[in-house]
Amino acid sequence: MALVAETKRGCRSITEERIRRGKSMRELSKASGLSTAAISNIERGKGPIRPLSAQKICNGLGVEFDSLFELVDSEHSPKDEG
C-alpha cells in the first residue's frame, strides 16, 4: 500500500489558499523548498502528491496538513469512485 496526499473534498484548493495568503508560486517555492514546476503540477492536479511534498506546501503556507490534505491509499482513492 502506498499513501498519497489528496486535497480534502470541500476544502480550499492549494491555489486558493496560496492566493488567499498573498503568495506567488515563486514565493511558495522558496518557502516550501519545492520547485515552481512541482508546485504548478500539484496545483493543476498532475499526478499524485507525495505526503512529504504536501507537508512542505503546508509549511510554506503556514497551515496544518489536515486543513488541506488527507492521506489515502493510492490503489483505492476516493476520487476514483467519481
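Of the 82 residues of the chain, 33% count as buried (under 20% relative accessible area, with exposed meaning over 50% and partly exposed in between; 1.4 Å probe, protein chains only). The model is predicted, so local features need pLDDT of at least 70 and side-chain atom pairs count only at pLDDT 80 or more, while totals for chains, interfaces and linings use all residues. Residues are numbered from 1 along each chain as its sequence is written, and side-chain values use heavy atoms, with hydrogens and water left out.

The chain holds 5 helices and 2 strands, these being DSSP runs numbered from the N terminus (helices H or I, at least four residues; strands E, at least two). Their order from the N terminus is β-α-α-α-α-α-β. Among contacts (heavy atoms within 4.5 Å) with a separation of 6 or more, 66% join residues 24 or more positions apart.

Helix α4 covers residues 51-61, and its buried residues are Ser53, Ala54, Ile57, Cys58, Gly60 and Leu61. Viewed down the axis of α4, these fall within an arc of 160°, so they line one face of the helix; the arc is that of the directions from the helix axis to the C-beta atoms. Leu52 and Asn59, on the other side of α4, are exposed. The cover over the buried residues includes β1 (3-7), α1, α2 (25-32), α3 (36-43), α5 (65-68) and β2 (69-73). Just after α4, Gly62 has a positive phi of about 75°.

Arg18 belongs to helix α1 (residues 14-20). Arg18 is buried, at a relative accessible area of 9%. Beyond its neighbours within four places in sequence, Arg18 contacts Lys23, Ser24, Met25, Leu28, Glu43 and Leu61.
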